[in-house]
Amino acid sequence: MPTSALPTDSSPATAPGRRPAGGAGVRRRAFLSGTAAAGGALAATAAGLAPAAAAQSGRRTADAGATPLSVRPADQRYADLRRGTNQRWVGSPERIVLATSTADVVQAVQQAVDSGKRLAVRSGGHCYEDFTTHPDIDIVVDLSRMDDISYDERRRAFSVQPGAPLGRVYDRLYKGWGVYLPAGNCPTVAAGGHIQGGGYGSMSRRDGLAVDHLYGIEIVVVQADGTAKAVTATCELDDPHRELWWAHTGGGGGNFGVVTRYWLRSPDARGSDPAAQLPTPPREVWLSEVAWPWEQLTEARFARLMWNHGDWHTRNSAPDSPYTALFSQLKPFHKSAGAVVLDSLVDAGAPGAERLLQRYVDEVGDGLGVRPQVRQYRKVPWLHATQWPGFTGPDPTIRFKGKSVYARRTYTDAQIAAAYRHLTRDDFHNPSALLMIASYGGAVNRVAPDATAVPQRDSVLKYQVVSLWNDAADDEANIAWVRECYRDMFAATGGVPVPNETNDGCFVNYADADLGDPRWNTSGVPWHDLYYKGGYRRLQKVKATWDPTGFFHHAQSVQPA
């Protein structure tokens with residue numbers, strides 16, 4: 001084995017955290033180190049709706065209180081509120097409702113139903129497609145002001161409203177109770193769409209997906225008679241609304257209603273102590289960034305690097321592997337960026353944490369004959385690490401296109417060769433075009449495929465082909481690069497990662513309308529089976545029960561059974 005590229009530190013490891021079971025454009029450093037979702041000490045009871053109160057309907061309450069704030073085109077705030085993070089998409093709704101309560105949402109939904117207006121919901125605005133900015137949308141309900149995080153003593157669960165960005169969720173849960181949710185790495189992504197799409201991040205190999213800790217939801221739905229009302233659904237086996245809860249453990253946003261509150265509690269949590277209801281994060285983590293210069297990477301060396309990386313994850317992603325303490329992102333940028341980057345994090349309290357990290361970097365680079373450049377290697381407290389630019393999300397002033405993959409094992413030779421061709425193209429020059437390949441598996445794969453609406457429970461990698469750029473004039477070139485690279489990587493399965501021994505479909509939170517376009521998906525496998533596999537039929541039944549009129553819809557929404 002080659003000598004490690006990383007320096008060593010003889011400082012003693014800290015104690016590990018508690019682990020519940022079950023569970024031509026942008027500068028490189030502006031996006032994930034080159035790439036691209038305050039609590040008091042005393043618990044406070046959440047102000048959520050009790051089941052008995054959940055029967056309140058929009059028609060009974062629409063005139064009962066003040067009308068929620070609406071922003072219209074003449075308002076100077078409209079320019080900001082009509083768009084999200086991806087600047088490719090700019091909406092033109094007649095009004096944007098800034099909701100501050102469940103009652104506001106019920107009222108806004110009821111008014112949209114009664115007036116025949118099309119409505120969309122936005123919490124953090126990180127949608128990859130135009131699902132909240134489509135020209136047909138008349139009203140946008142903006143949930144960003146609904147950002148409360150508290151503890152509900154009656155439910156023994158943490159209450160998180162959908163507008164709370166993940167950075168705030170981490171800060172409040174940790175400072176207030178010493179716990180966390182194993183959710184995403186981008187601190188500006190809001191809980192709203194993130195959780196119901198599955199929610200994964202740098203600690204998911206250790207503690208599972210965000211939805212593996214979802215106890216319940218409060219949601220505004222529209223009944224068959226056109227009445228909007230708020231209901232509560234939990235994971236309790238005797239809850240008559242349990243299927244509605246299940247649909248929100250990976251079914252994706254904009255499908256069934258407007259989630260106005262999440263309750264979070266780990267499935268094995270016991271007792272009444274708030275600090276025992278969710279996992280404890282690491283006290284500290286080791287952060288590492290190394291890079292292999294493109295000028296030293298021949299096609300054979302690139303292939304070896306990719307094969308090493310995929311093979312390592314194939315061998316080290318079981319739920320009981322000591323490497324569940326480690327997460328990384330391999331980022332092969334277009335050659336115009338200068339390097340292939342590997343950003344990694346490991347729980348400093350895990351036994352032999354530094355040794356695990358060093359072995360990982362060594363094995364990924366084994367046999368290349370190229371020593372990686374060490375850009376960073378340091379130990380930092382966990383909460384500070386949640387803001388590390390190695391993993392955080394994109395600049396909100398840019399444009400982007402991404403296409404996702406779940407992988408059950410290492411890449412095929414054909415996939416590696418196709419990636420190399422597109423990453424080294426001379427007719428395309430964007431240093432922010434890349435493959436962003438994340439570690440997966442571990443505790444994620446301890447959960448049964450049908451226990452949640454996330455069926456991909458034996459994958460070891462999760463990645464996307466993505467490009468980021470500034471100028472609308474560059475849209476065509478960048479979108480074409482992403483589409484062509486992805487198509488060629490999966491040419492053997494119709495241009496998309498059809499589930500087989502290597503691939504396992506796509507991630508619903510990286511929405512990709514191309515999956516339903518026969519120009520880019522020639523596999524014969526519909527988009528919904530790439531996201532949901534066999535679980536789509538179950539989601540359709542939930543849709544038929546809870547949104548029978550199809551009021552909530554977009555280009556890839558679940559259709560009623």
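**Close-up views of a predicted model**

**Figure 1. Packing of helix 11 against helix 12.** The crossing of helix 11 and helix 12 is right-handed. In this predicted model, helix 11 spans residues 413-423, and its axis lies 8 Å from that of helix 12 at an angle of about 160°. Angles over 145 degrees count as roughly antiparallel, and the two helices are therefore roughly antiparallel to each other. On the helix 11 side, the contact involves Q415, A418, A419, R421, H422 and L423. These residues meet W481, E484, C485, D488 and M489 of helix 12.

**Figure 2. The largest nonpolar core and the surroundings of W292.** The largest nonpolar core comprises 134 residues. Within this core, L173, L244, L264, W292, L435 and M489 touch the most other members. When residues up to four places away in sequence are not counted, W292 touches L297, L305, G338, A339, V340, L342, V364, G365, L368, V370 and P372. In soluble globular proteins, nonpolar side chains tend to be buried together.

**Figure 3. The salt bridge between K533 and D504.** K533 and D504 form a salt bridge in which the closest N and O atoms are 2.7 Å apart. K533 is located in the loop between helix 13 (527-532) and helix 14 (536-546), whereas D504 is located in the loop between helix 12 (475-489) and helix 13, so the pair ties together parts that are 29 residues apart in sequence. D504 is buried, its relative accessible area being 0%.

Figure 4. R537 pairs with D529 in a salt bridge whose closest N and O atoms are 2.8 Å apart. R537 is partly exposed, at a relative accessible area of 42%, whereas D529 is buried, at 17%. In the salt bridge between D547 and K543, the closest N and O atoms are 2.7 Å apart. D547 is buried, with a relative accessible area of 0%, and K543 is buried, with a value of 1%.

**Figure 5. A network of salt bridges.** The model contains 34 salt bridges. Salt bridges link E129, K401, K403, R483, D512 and D514 in a network.

How values were computed: Residues are numbered from 1 along each chain as its sequence is written. This is a predicted model: local features need pLDDT of at least 70, side-chain atom pairs count only at pLDDT 80 or more; totals for chains, interfaces and linings use all residues. Side-chain values use heavy atoms; hydrogens and water are left out. A nonpolar core is a set of buried Ala, Val, Leu, Ile, Met, Phe, Trp, Tyr and Cys residues joined through side-chain atoms within 4.5 Å. Buried means under 20% relative accessible area, exposed over 50%, partly exposed in between (1.4 Å probe, protein chains only). Contact means heavy atoms within 4.5 Å. A salt bridge is a side-chain nitrogen of Lys or Arg within 4 Å of a carboxyl oxygen of Asp or Glu. Helices (H or I, at least four residues) and strands (E, at least two) are DSSP runs, numbered from the N terminus. Axes are lines fitted to C-alpha atoms, for helices over the stretch in contact, and angles run from 0 to 180 degrees between N-to-C directions. Angles under 35 degrees count as roughly parallel, over 145 as roughly antiparallel, 65 to 115 as roughly perpendicular and the rest as oblique. A crossing is left-handed if the near helix is turned anticlockwise from the far one by less than a right angle, and right-handed if clockwise.
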